[in-house]
Amino acid sequence: MLEAINLHKRYHQGEIDVVAVDHFSYRFPAGLTAIVGPSGSGKTTLLNLLAGFDVPSEGEVRLDTTPLSTLSEDGRSEVRLKHMGFVFQQWNLIPTLTALENVAFPMMLAGVGLKERTARAAHLLQAVGLGQRGKHLPSKLSGGEQQRVAIARALALNPPILFADEPTGNLDSVSGALVVDLLLQQAQEGRTVVLVTHDLELARKAERILHLKDGRLLRVEEMAREATPPTAREPV
Ligand SMILES: Nc1ncnc2c1ncn2[C@@H]1O[C@H](COP(=O)(O)OP(=O)(O)OP(=O)(O)O)[C@@H](O)[C@H]1O
C-alpha cells in the first residue's frame, strides 16, 4: 500500500522558492493510476518523492504504513530494490549485455543463482512478447522492443509497485500503446502501477487519472471500464 500524505516539495532557486508539489495526498490502490498535467506541474517530482529518490519538504510517503522518511538512504534503497520497479523514458539497457542478460541483471545483484535468474528472465521476456529475442543486444532491437525489455527487467524481482515515468516518450504511437497495455496487464495482476505521461489518450487506458496542476491534485478521474474476464495468462 502506497500512500502520500500532505506531500509538499519546495525548491530554492536563488531568491525564489518554487513549489513543485503542493500538499498532495492520495492513497494509491492496486491497479494502473496515470498522472497527467502540463509541463512543470510536478509529475516527475511527485514520482521521485513516492519512490524515495527525493525527500519532501513537508508531509510523508508511507509504504505499507512505514513512513519512508524514517528510513536511512540505504533503507530506502533496500525498499526500492524489494518493493519497486522502474521504467523510464530512456530505457537504459546495458548495451554490451543481451536482452536476457539485461533482464537477469537485477537478479544477479540480488544474489539469485545463474540457473534461476536465466529461467526467470526467459519467462519475463516471453511475457512481454520477446521470447525469441533473448540473445539479441539492445542495438538490434527497436525502441519499443527495448522498452519492453526494460519492463521485463523492472519486473525481475517481482515488485508489488511499478513506476513508469514517460515510458512512451520516445516511442511511436503503436509501440507506446503496447507498452501501456503491458503496464495495464501488470496492474491487472495486482500490482500498483503509477504511470506519468503527457499523453492523455494513453492515460485513458488507466483505471484512474490524477490531474496535476501547479503541483496540486486538481481531480481524480475514475475511468469507466467494462468487466474484464479473468486472465488465463500466468502471472509474471
Ligand atoms: N531540482 C530542482 N531544482 C529546482 N526546481 C526544480 C527542480 N526539479 C524540478 N523543479 C521545478 O519544479 C517544478 C515541477 O517540475 P517537474 O519536473 O516535477 O514537472 P513535470 O510535470 O514532471 O514536468 P515535465 O512534464 O516537463 O517533465 C518545475 O517548475 C521545475 O522547474
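Predicted model: local features only at pLDDT ≥ 70, side-chain atom pairs only at ≥ 80, totals over all residues.
Local features need pLDDT of at least 70, side-chain atom pairs count only at pLDDT 80 or more, and totals for chains, interfaces and linings use all residues. Residues are numbered from 1 along each chain as its sequence is written.

Helices (H or I, at least four residues) and strands (E, at least two) are DSSP runs, numbered from the N terminus. Two strands pair if DSSP finds at least two bridges between them. An open sheet is formed by 4 strands in the order β2-β1-β4-β5, with antiparallel pairing. Its edge strands, β2 and β5 (66–67), each pair on one side only. Strand β1 (residues 2–13) runs antiparallel to β2 (residues 16–28), and 9 bridges join them. Arg10 has Val19 of β2 as its bridge partner. The two strands make a hairpin with 2 residues between them. Gly14, in the turn, has a positive phi of about 60°. Strand β1 also pairs with β4 (residues 58–63), over 5 antiparallel bridges. Here Glu3 is bridged to Arg62 in β4.

Helix α6 (residues 173–188) has 16 residues. It reaches 22 Å from first to last C-alpha, close to the 22 Å expected at 1.5 Å a residue (1.5 Å times one less than the number of residues). Buried residues of α6 are Gly176, Val179, Val180, Leu182, Leu183, Gln186 and Ala187. They lie on the same side of α6, because they cover an arc of only 150° around the axis (taken from the directions from the helix axis to the C-beta atoms). On the other side, Val174 and Asp181 are exposed. A residue is buried if 20 or more other C-beta atoms lie within 10 Å of its own, and exposed if 12 or fewer do, with C-beta atoms placed from the backbone. Gly190, with a positive phi near 105°, follows α6.
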